[in-house]
Amino acid sequence: TTMAVALAPDMRTLQQEALREMNTGAMTGAVLLSYFDLGTTVAVGFTYLQIGTPSSIRGAYTTFGMLIGSLALQAIMNWATGQGVVAAMVTLFGGKPVFDAYNVIYDKPTGGDGNPIRALSMTRAYEVCFD
């Protein structure tokens, strides 16, 4: 039992590191999906612009307007839920998924209730609702 007692703190550390690694993998997937969605939206807008017809140019403006509107609404919601000005500004430039994943991985408190996992969950919900 002496050896088991001596190893117990190390086992807790290993469990925490394993949990963090599992979270990191899930966070990486979520971040990649978010940026793939953002990239395809921008690509569609530029494709419409390259076509060059009046209707396709209107389609490009609509696509970019929806993207900008979505990011603006997400920024407003992040600010309104107490995540702070930094989170809102990062959102406007499309960086909120990385910002939240970093905060979850390194257990950094965010604004509001300070729960980085809740902030990431809210970001994902906003992306789904406003996209």
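**Entry 1: the aromatic pairs**

I began with Y126, which is buried at a relative accessible area of 9% (buried means under 20%, exposed over 50%, partly exposed in between, with a 1.4 Å probe and protein chains only). The model I am reading is a predicted one, where local features need pLDDT of at least 70, side-chain atom pairs count only at pLDDT 80 or more, and totals for chains, interfaces and linings use all residues. Residues are numbered from 1 along each chain as its sequence is written, and side-chain values use heavy atoms, with hydrogens and water left out.

Next I looked up how many aromatic pairs the structure holds, and I found two. Rings of Phe, Tyr and Trp (its six-membered ring) pair if their centres lie within 6.5 Å; planes under 30 degrees apart count as stacked, over 60 as edge-to-face and the rest as tilted.

For F46 and F64 I noted ring centres 5.3 Å apart and planes at 65°, so this pair is edge-to-face. F46 sits in helix α1 (residues 2–51) and F64 in helix α2, so the pair ties together parts 18 residues apart in sequence. Helices here are DSSP runs (H or I, at least four residues; strands are E, at least two), numbered from the N terminus. F46 itself counts as partly exposed, at 46% relative accessibility.

Y126 and F130 have ring centres 6.1 Å apart and planes at 25°, so I logged them as stacked. Both belong to helix α5 (residues 116–130), four residues apart, about one turn of the helix. F130 is partly exposed, with 28% relative accessible area.

**Entry 2: helix α3**

Which residues of helix α3 are buried? In α3 (residues 85–92) I listed A87, A88 and T91. They cover an arc of only 100° around the axis, which puts them on the same side of α3; the arc is taken from the directions from the helix axis to the C-beta atoms. On the face turned away from that side I found V85 and V86, both exposed. The buried residues pack against α2 (54–80) and α4 (96–105), where contact means heavy atoms within 4.5 Å. Just after α3, G94 takes a positive phi of about 80°.

**Entry 3: α2 against α3**

I then checked the axes of α2 and α3, which come within 8 Å and cross at roughly 170°. From α2, the contact draws on L71, A72, Q74, A75, N78 and W79; from α3, on V85, A87, A88, T91 and L92.

Terms used:
Axes are lines fitted to C-alpha atoms, for helices over the stretch in contact, and angles run from 0 to 180 degrees between N-to-C directions.
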